[in-house]
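User: Hello! Could you help me learn to read a helix and a ligand site in a structure?

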Amino acid sequence: MINDFIYNIPVKVYFGKGHLHHLGEELKKYGTRVLMTYGGGSIKRMGLYDKVVREIKAAGLELWELDGIEPNPRIGSVRKGAQMCKEHNIDVLLAVGGGSTIDATKWIAAGACVDFDPWDFLDLSKQAPVKKALPIVDILTLSATGSEMDTAAVISNPETRDKIGRLDPMILPKVSFLNPENTYTVSPYQTACGSSDIMSHILEVYFNTGDDLYMLDTFMEGMMKTVIKYAPVAMKEPDNYEARANLMWTSSWAINGFVTAGKKHAWSCHPMEHELSAYYDITHGHGLAILTPRWMKYCLDETNVYKYVQFGVNVFGIDPKLPPMEIADKAIDMLADFFFKTLGLKSTLPEVGIDETYFDIMAAKSVNYGTLPGFKPLRKEDVLEIYKMCLK
Ligand code: NZQ
Ligand code: ZN
């Protein structure tokens, strides 16, 4: 039974190749002083930077820049950006990049409007209310996080070894430019990691029981089939428009609130993965690929096997006449094969440089020193077990 819900995702999306000339007019709606944020230089190498600057100049806007936003963005970049906004009286932020750039920009937007340290928005002991934020426009260059169309943003603090995500409608982008061509230069590895992230956003919602809606489950199965079909194509043929377009639009819809509306769902693999990224700075989607099949194996039991059967039959085409537990095992194996054989991601934690050293503290932090109320509620001991399953 689905619960009542309100559906409200007010992001204006320009999807496709021919929309960049609308950039100036969209920015102008919010003012004339623009801070453009970006990462380590990929937008310059791919020629996007020049095109964007041209549009901004042609629109007669004033431009400031913050570059060097890290993958797994740090609070230091957020502090710097918020400070620049205050110093230069910025009206609107323009994020050009992947999820890391957009996430950092979201907290810059909120940080620009307060006198306190922006980490106070994320610090679990404070979680300062977000009363105001500068408007954000973004140009997405990597299909993965869905940050272009959601209210979430995740920031790392290397001093405290925390990586914390928070949702707030105030930091939702006003406008997102989604041109699949802007993802042609994404490496096969980042394409694989991004695709794994999209899969996980869907699986975290799909694997919940009690408030299923056939229409939403079918939609999620379609999105998962889309990723399974097009991720390997995009890796082999980086400039395949159809593949890049399918991945891009799926990344947004996997997490924009549509499939979660009406569900009392809670996520499991993301809190476990954020600790891996916090302690070892690994790529988010890679950590999720390693964790997800183990988590599914760990949670499987007679009461929830029907969900695995539904997944195995509808997504991977497994014979529905097989015994349910056999279908479930097969489905988990097929998902693991997709991550590790088709996408070529390393399958264990040691292969990405992670051993047991911090398992205890990471497990405790992932459940926030209590219980994660997900598909199967997880305590610290459960997470420890799942981490250990990832060692080989
Ligand atoms: O820094 P640059 O030079 O731009 O290079 C980036 C970076 O090295 C590169 N890249 C991006 N677009 C490219 C490109 N390289 C060539 N061509 C392009 N077109 O790819 C690398 C990774 O970029 P990043 O932005 O870090 O990747 P992603 O989009 O996967 O973002 C990951 C971050 O988002 C968080 C993750 O935890 C992680 O910190 N998440 C955000 C979420 C949200 N806002 O809702 C949800 C997710 O679950 C996730 O937690
Ligand atoms: Zn994710």
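User: Which residues of H13 are buried?

Analyst: Buried means under 20% relative accessible area, exposed over 50% and partly exposed in between, with a 1.4 Å probe and protein chains only. In H13, the buried residues are Ile327, Ala328, Ala331, Ile332, Leu335, Ala336, Phe338, Phe339 and Phe340. A note on sources: this is a predicted model, where local features need pLDDT of at least 70 and side-chain atom pairs count only at pLDDT 80 or more, while totals for chains, interfaces and linings use all residues. Residues are numbered from 1 along each chain as its sequence is written, and side-chain values use heavy atoms, leaving out hydrogens and water.

User: Which helices do the buried residues of H13 pack against?

Analyst: They pack against H7 (188–206), H8 (214–236), H11 (284–299) and H12 (305–316). Helices here are DSSP runs (H or I, at least four residues), as strands are (E, at least two), numbered from the N terminus.

User: What follows H13?

Analyst: Glycine 344 does, with a positive phi near 75°.

User: Which polar contacts does ligand 1 make?

Analyst: A polar contact is a pair of N or O atoms within 3.5 Å. An oxygen atom of ligand 1 is 2.5 Å from an N or O atom in the side chain of aspartate 150. For threonine 141, a side-chain N or O atom is 2.8 Å from a nitrogen atom of the ligand. A ligand nitrogen is also 3.1 Å from a polar backbone atom of alanine 152.

User: How much of ligand 1 does the protein bury?

Analyst: Accessible areas come from the Shrake-Rupley method with a 1.4 Å probe. Alone, ligand 1 exposes 960 Å², and the protein buries 89% of that.

Technical notes
Chains lettered and ligands numbered in written order. Contact = heavy atoms within 4.5 Å. Polar contact = N/O pair within 3.5 Å; in protein donor to acceptor, adjacent residues only side chain to side chain.
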